[in-house]
Amino acid sequence: MMVPILAVLVGFSGPTTSSGAALLKGRGARSGSAPRAPETWTARPGSFSRFSGAGPAGEFFASQPKADYPALRQRLLRGNYAEALAGYDDLARSEKLPLAFLGQSACLRAQGEYAKARDALDAGLKAHPGHPDLLAARADLLFAQGKWDDATHDANDVLKKDGDHFLARWVRARVLRDGGDLSGADTEMRWFVKAYTDAAAAGKEITDPDKLLIVAQAGIENATTHAKHEQFKFILQELLRDALKPDADFWPAEHLSGQLLLSKHNRAEAANAFDAALKINPKAVEALVGKGAIALERMEYAEAERRADLALKVNPNHPAALRLKADVRLAEADPAGAEQLLRTARAINPRDAATLARFAALKHLAGDRPAAAAFEKEVAAFDAKPATFYLELGTILSDARQFQTATECFETASALRPALPGPKAGLGLLLYMQGREPEAMAALKASMKADPFNVRVDNALKVLEELAGYATTETAHFVIRFDKKNDHVLAAFLADVLEETHAELAKQYGFEPPGKIPVVSSWRLGFVGRSCSSNGLIFAICRCQPIGQQYQAYRRQCPPEAAG
């Protein structure tokens with residue numbers, strides 16, 4: 001779901017390195033002249049910005065009524081929802097301008113009052129029949145609730161009168177994309193890129209932050225579909241910063257910068273962007289969820305849940321916040337709790353692929369394949385190319401060490417949308433975790449070609465390149481990889497210690513991991529926590545962690561079929 005600045009806020013999904021993955025920087029001052037925008041983009045000197053969601057805010061405040069609408073917008077952006085709503089309510093009763101009704105809806109939507117947000121727009125349309133901004137805002141809200149036919153109807157009504165209405169076109173573009181009409185969606189996404197470029201060429205550059213944010217989102221879709229990697233940097237470093245110039249309180253630009261960076265697993269810079277958004281608006285639900293997602297990646301479950309609870313306190317009906325809390329429940333082996341949260345999210349938007357993928361994952365993990373297949377069928381009924389669904393499902397199952405099914409999901413997602421880099425990255429990292437190094441190397445290189453900014457993939461490739469020069473020795477229960485130049489004596493000693501420890505722990509826990517356990521012996525800190533095993537093992541020998549603790553960690557993470 002999205003937030004209400006324009007009516008909706010649409011988001012995208014480690015340590016930086018010195019290679020290509022580190023080049024996608026989100027923050028910091030520019031040095032030298034501004035970079036030129038790649039290919040179809042036209043860069044202008046001294047500009048560059050960030051990336052966020054769509055909505056009618058820009059159109060909310062286009063006119064200059066007697067009331068101080070900019071002050072109300074500022075209260076809205078800073079999270080003073082009650083004050084802003086009270087002001088808009090007064091103006092809706094007195095001036096009855098479209099801006100008042102749009103503002104009411106935005107405030108209510110930010111707090112999860114979607115029915116009341118719809119009522120405000122309906123009241124505005126009763127006072128101003130056919131008003132394009134009100135219709136577009138209602139279309140955006142309907143889209144976020146999975147009511148695509150109604151959303152398309154409203155959007156088309158707007159576009160019949162104004163074919164250049166940004167929010168209406170953005171609604172139509174997303175309906176086409178999420179329904180699997182990739183060709184039609186691509187045409188719509190490219191329209192925004194061309195509109196931006198044509199405006200700049202005509203000396204009438206787009207400066208409205210809400211329109212810039214829609215352009216940025218469409219640009220990301222376009223860059224992903226056509227592998228125009230340099231456009232990511234232009235969007236992040238130029239376009240989204242430009243969205244902040246006319247309105248420094250426009251936190252959605254900061255939030256979506258964070259989302260873009262997080263989708264590349266650049267957690268440090270993503271956290272900075274989310275913090276910047278929260279500095280403006282401590283109640284920014286999307287930024288709170290972003291911080292929670294970072295904590296979840298780090299397996300800091302208490303912090304992830306704390307962030308989810310803060311978000312749900314502001315908006316108890318926010319699907320992404322509900323999913324975040326459900327992910328924590330799943331990580332803590334509470335599938336019933338996860339399912340309860342997901343039911344709430346599904347009621348808000350029954351066509352949300354991320355939510356439905358989690359339902360399917362729960363059924364897979366419970367061994368109920370028919371129920372999982374029913375969710376796949378449900379998604380296929382409204383999405384002809386459900387690549388996002390299978391990508392989400394594959395990621396969840398990979399994290400749960402269900403490697404075979406996860407592999408099938410990633411392969412299906414890649415077949416449905418070959419240009420999508422996520423499935424390639426997921427498959428490569430899955431092979432990496434399994435210790436299938438030659439296959440992982442090939443898959444990860446293909447992933448880096450599709451998305452050269454993915455920090456996690458880049459780091460995995462560095463590990464594999466280092467391991468390529470290592471020697472191997474095997475014992476009854478272990479495969480030991482070691483630096484033959486520096487660690488050959490240690491490897492021989494380690495073999496005896498490992499076998500002795502294995503015997504003690506197997507007796508203590510009444511359990512033996514199936515197959516041989518891969519072990520890396522290295523002084524390099526980069527190998528701490530390295531994982532590779534066909535049975536879902538997360539296991540590495542480093543010189544700072546007792547072997548017994550690692551064995552217990554493996555026992556907890558081993559999938560049911562491996563643990564017996």
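Start with R267, which lies in helix α14, residues 267-280. Helices here are DSSP runs of H or I of at least four residues, strands are runs of E of at least two, and both are numbered from the N terminus. This is a predicted model: local features need pLDDT of at least 70, side-chain atom pairs count only at pLDDT 80 or more, and totals for chains, interfaces and linings use all residues. Residues are numbered from 1 along each chain as its sequence is written, and side-chain values use heavy atoms, with hydrogens and water left out.

R267 is buried, at 17% relative accessibility. Buried means under 20% relative accessible area, exposed over 50%, partly exposed in between, with a 1.4 Å probe and protein chains only. From R267 to G290 is 23 residues in sequence, and 9.9 Å in space, C-alpha to C-alpha.

What else does R358 touch, leaving aside neighbours within four places in sequence? R323, D327, L342, E392 and I396. Contact means heavy atoms within 4.5 Å.

Now Y114, in helix α5, residues 114-127. Y114 has a relative accessible area of 6%, so it counts as buried. Its side chain makes a polar contact with the side chain of N315, at 3.1 Å. The Y114 side chain also reaches the backbone oxygen of N317, at 3.0 Å. I348 is 234 residues away along the chain, yet the C-alpha atoms of Y114 and I348 are separated by 9.0 Å.

Next, the whole chain. There are 28 helices and three strands. Of the 564 residues, 59% count as buried. The chain exposes about 23100 Å², with carbon and sulfur atoms supplying 53% of that. Those areas come from the Shrake-Rupley method with a 1.4 Å probe; for residues, only the protein chains shown count as cover.

On to the cores. A nonpolar core is a set of buried Ala, Val, Leu, Ile, Met, Phe, Trp, Tyr and Cys residues joined through side-chain atoms within 4.5 Å. The largest has 142 residues, and F166, V171, F389, L393, Y432 and L444 touch the most other members. Beyond four places in sequence, L444 contacts G428, L429, Y432, V457, A460, L461 and L464. Another core, of 10 residues, lies apart, with A491, A495, I517 and V519 among its members.

I517 takes us to strand β3, residues 517-521. Five of its five residues are buried, so β3 is largely enclosed by the rest of the structure. I517, V519 and S521 point one way; P518 and V520 point the other way. Strand β2, residues 478-482, pairs with β3 in the parallel sense over five bridges. Pairing requires at least two DSSP bridges. F478 has I517 as its bridge partner.

Helix α11, residues 230-237, is also largely enclosed, because seven of its eight residues are buried. Which helices do the buried residues of α11 pack against? They pack against α9, α10, α12 and α13.

Last, cysteines. The structure holds zero disulfides, meaning pairs of cysteine sulfur atoms within 2.5 Å. C107 is buried, at 0% relative accessibility. C409 is buried, at 6%.

How values were computed
A polar contact is a pair of N or O atoms within 3.5 Å; within protein, one must be able to donate a hydrogen and the other to accept it, and residues adjacent in sequence count only if both atoms are side-chain atoms.
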